[in-house]
Amino acid sequence: MNKFFSELFIFVILLAGASCSRKNEPVTFTQVVPQIELSEKNHKWFYFDDDEFFQTPRPQEAPLKEFRPWTECVRISSAASLPVAQTSAPYAGFAVVNRAGMLALKESGAELFGDVSIFSNDTAESLVFSDGVPVFYLYRSTFFNDRLNDNSNVVQSSRSFLVEFNPNSRLCYPLVTYESLNLLPTDQISGYFWDGKTWACAAKRMLDEDDKVQFTYFYWEPVVPLTDLNPMFTKDMFTFRTSSEEEYTALNMPRLFDQAPAPLVSLLRQIPVELTLYVSWRDSSGTSPVSYYQGGNGSVPLNAHAALVPLSGITVAVFADGTTYIQRTGQKEIAAFRLPLLPGGFVYGDFAVAGKSLYVAWEETSFFKTGRAGFLQVDLGDILSRAVWK
């Protein structure tokens, strides 16, 4: 199964899971951990409009947007809190806003920093950190990106693959190009997994004959720290090793929940084993997230993003229906609350924590397309002071 259809299959399953979780809320969540309501004073809604964001009373009151494939829309594609090593950094969290820029997060609010040369032609996603610096990657969908048929935009001497966002200069800097990885400018890296040292990549090439597609898989490592790289460096700055589809798939496939790390297991321990879960987990390393799967009685999983947030001293999980679990570091008790109920067709996505502020992506969905999108900012200090820890 190629990258697009495998992602599309997972995306459809997760959307269905979010819908089912709304229908079954009293059974799936409210009887597990006591819930508390959010008030108008402790949360704010924001929506994206091109390369800016604005506050709105509710997501459904944001201006209507044409539904487009998610790879081409302005939406949060990936978010993460800063690893613990960078305690003096100007921002505590980040979110990659596809086609727009980097959303830099503080406890007091968010700032969006765009770069037309980086974000206008490519899909941006998969946020990781190298020495505390945010890094993300670029690609073009061979199914949805109209620019692939425009040779003036596609045929270049090189194209950026990895890009860093420097929190101090507020600028984006290309680190690695497709050319540096022995790829053609028209090739597409359809995904990667980074363990903190080695990058495992899947690359897609459209062949001339009969529209055939060729996939290749490889590992690479830089011989200097990642953020010291420069696109002008030659291929000699990298070491390579070929891989296989089986090897690459094994890195990215969900692992069984009984293999999950202790903080995640502890955080979700009160969720019944009868429920089917799919959780994307980030630890404090800043590397690629790892997914875990619990096969319960349901055929459709409830999907969530979860992360260890050392700078805020908490572990957090946010489900697509807005159910949120929080546990303080070193403590056994768990608190839970539900984010404001979204209207039909809207779901919550990835999140980051900055100090006492929780930032959660939301978007309007229709199959593989996205309409309106934005984020919710929640005052965790107020919420957790009234939470029932159990």
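Let's start at N98, which sits in the loop between β5 (93–97) and β6 (101–105). Strands here are DSSP runs of E with at least two residues, helices are runs of H or I with at least four residues, and both are numbered from the N terminus. Keep in mind that you are looking at a predicted model, where local features need a pLDDT of at least 70 and side-chain atom pairs count only at pLDDT 80 or more, while totals for chains, interfaces and linings use all residues. Residues are numbered from 1 along each chain as its sequence is written, and side-chain values use heavy atoms, with hydrogens and water left out.

So is N98 buried or exposed? N98 is buried, with a relative accessible area of 1%. "Buried" means under 20% relative accessible area, "exposed" means over 50%, and "partly exposed" is in between, using a 1.4 Å probe and protein chains only. A contact, by the way, means heavy atoms within 4.5 Å.

Two of those neighbours deserve a visit. E72 lies in the loop between β3 and β4, and E72 is buried too, with a relative accessible area of 4%. The side chain of E72 makes a polar contact with the side chain of R99, at 2.5 Å. A polar contact is a pair of N or O atoms within 3.5 Å; within protein, one must be able to donate a hydrogen and the other to accept it, and residues adjacent in sequence count only if both atoms are side-chain atoms.

Next comes R75, in the loop between β3 (68–69) and β4 (76–81). R75 is buried, with a relative accessible area of 11%. Which residues does R75 contact, leaving aside its neighbours within four places in sequence? They are F48, W70, V96, V97, N98, E363, T370 and A373. With E363, the R75 side chain makes a side-chain polar contact of 2.9 Å. A373 is 298 residues away from R75 along the chain, yet their C-alpha atoms are separated by 5.5 Å.

Now move over to strand β9 (residues 133–139), where seven of the seven residues are buried. In a regular strand the side chains alternate between the two faces of the sheet. You can follow that pattern here: V133, V135, Y137 and Y139 point one way from β9, while P134, F136 and L138 point the other way, and all are buried.

What does β9 pair with? Strand β8 (residues 123–130) runs antiparallel to β9 and is joined to β9 by six bridges; for two strands to count as paired, DSSP has to find at least two bridges between them. T123 has Y139 in β9 as its bridge partner. The hairpin of β8 and β9 has two residues between the strands, and D131 there takes a positive phi near 55 degrees. β9 also pairs with strand β10 (residues 160–166), in the antiparallel sense, over three bridges. In that pairing, F136 has V163 in β10 as its bridge partner.

Time to zoom out. The chain has seven helices and 25 strands, and buried residues make up 53% of its 390 residues. Among the contacts with a separation of 6 or more, 57% are between residues 24 or more positions apart.

Finally, how far does the predictor trust its own work? That is what pLDDT gives, as a confidence in each residue from 0 to 100. The chain averages a pLDDT of 86, and 85% of the residues score at least 70. Over residues 1–28, though, the pLDDT is below 50, and this stretch has 48 contacts in the model beyond near neighbours in sequence. Residues 149–156 also stay under 50, and the model has ten contacts for them beyond four places in sequence.

Technical notes:
pLDDT is the predictor's confidence in each residue, from 0 to 100.
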